[in-house]
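Take a moment with the sequence and the 3D view. The paragraphs below go from the chain pairing to a pair of packed helices.

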Amino acid sequence: MTNQQDIELVAKAVSAQDAAAFGELIRRHQSQVRNFLRKLAGDPTLADDLAQDCFMHAWDKLHSYSGRGSFIGWLLKVAYTTFLQSKRKSKRYAEILESAGHVADQESRTHALPVDEVTDLDKFLAVLTEEERAIMVMSYACGLSHREIGDATDMPVGTVKSVIFRGKEKIRNSFDIKDHQHG
Amino acid sequence: MTSKIINMAERIKDAEDRLLESMFESLPVADDGFSVKVVGKIRRRLWLRRLTLPVAASIGGVIAFKPLASLVSTLASFTSFVPNEYVNTAASSLPQLQMLIMGAMLLAVCLLGLRTLED
């Protein structure tokens, strides 16, 4: 799965409006995008809905991918923007509900997982801010370079590094990570 | 050179980085029809876009036909101000104005339809 093949598929999808070529790109990257959004949203169903929206947005903006940097980096940028937009929308919705007299607990419901399904990773992610979570997931789960993360989040590389450093420190201070195993 | 050094420095991972990587690692998510679903949505959207223009043009043509025809006939009445020798020439060169407009509209719709089929 090389970036050169991705670029060829993008060119095919853009020049001929070829939905099949874009379908191949989705097949290649859906797992990483869905995993990224699952870790960010904390709810698989919501994450999959966001992933669908993300690929629809990616289709609309595909012509803007210049080939500079990896395609997955560009796709995760679209995914992160989609996530932030949906978050803003749900916040606005919660505010409307609140002003109408309803209890706005949508957010806590969205992120609530059954106690037996909470993993060490969920506990780690819980101590991080949204931005730190996104950057840590891009770095450690998706294997993006600091430069790619910078492109995806519109941040300078130096800021990305300091966010990662801060995230690691938070995890280190909250947990003795040497005692934890993956699960 | 500097960027190479930065890249190399990024690749040097300590034990903590490797541990975090193993913790953040997750099993690949099975496609399970996800890509087919998204591609289906995109195809529907493409069709919708292709159909919108010809349908809008046809509806616009139907709606605009009557007022356009009356406008043309009103404009034609202004020919009374034009000297007779000129009016006779114009009337003989445009005998069925309504048919001409209808033909132009049909031609436009056909061209749009052909373009859609070609796409």
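**Where the two chains meet**

Chain A and chain B bury about 3200 Å² between them, and 62% of that area is on carbon and sulfur atoms. The model is predicted. The size of an interface is often given as the accessible area lost when the parts come together. Residues can be counted too: 39 residues of chain A are in contact with 29 residues of chain B.

Next come the polar links. Between chain A and chain B there are 12 residue pairs in polar contact, both residues being at pLDDT 80 or more. Which elements of chain A give two or more residues to the side that touches chain B? They are α2 (19-41), α3 (44-61), α6 (120-126), α7 (130-141), α8 (146-153) and α9 (157-174) of chain A. The largest share comes from α2(A), with 12 residues. By type, the residues on this side of chain A divide into 17 nonpolar, 11 polar and 11 charged.

Salt bridges also join the chains. The count between chain A and chain B is 4. In one of them, the side chains of B:Glu16 and A:Arg172 meet at 2.6 Å, N to O.

**Inside chain A: two packed helices**

Now stay within chain A. Two packed helices are described by the angle between their axes and the distance between the axes. Helix α1 (residues 3-15) of chain A packs with α2(A) at an angle of about 145°. Their axes are 8 Å apart. The crossing of α1(A) past α2(A) is left-handed.

Which residues make this contact? From α1(A) come A:Gln5, A:Asp6, A:Leu9, A:Val10, A:Lys12 and A:Ala13. From α2(A) come A:Ala21, A:Phe22, A:Glu24, A:Leu25, A:Arg28 and A:His29. Together, the residues of this contact divide into 6 nonpolar, 2 polar and 4 charged.

The whole structure holds 13 salt bridges over all chains. In one of these, the side chains of A:Asp6 and A:Arg28 meet at 2.9 Å, N to O. Why does this pair tie together parts that are 22 residues apart in sequence? A:Asp6 lies in helix α1 of chain A and A:Arg28 lies in helix α2 of chain A, so the pair links those parts.

Conventions
Residues numbered from 1 in each chain as written. Chains lettered and ligands numbered in written order. Predicted model: local features only at pLDDT ≥ 70, side-chain atom pairs only at ≥ 80, totals over all residues. Heavy atoms only, no water. Contact = heavy atoms within 4.5 Å. Buried area = accessible area lost by both parts, 1.4 Å probe. Polar contact = N/O pair within 3.5 Å; in protein donor to acceptor, adjacent residues only side chain to side chain. Helix = DSSP H or I, 4+ residues; strand = E, 2+ residues; numbered from the N terminus. Nonpolar A, V, L, I, M, F, W, Y, C, P; charged D, E, K, R; others polar. Axes fitted to C-alpha atoms, helices over the stretch in contact; angles between N-to-C directions. Left-handed = near helix turned anticlockwise from the far one by under 90°.
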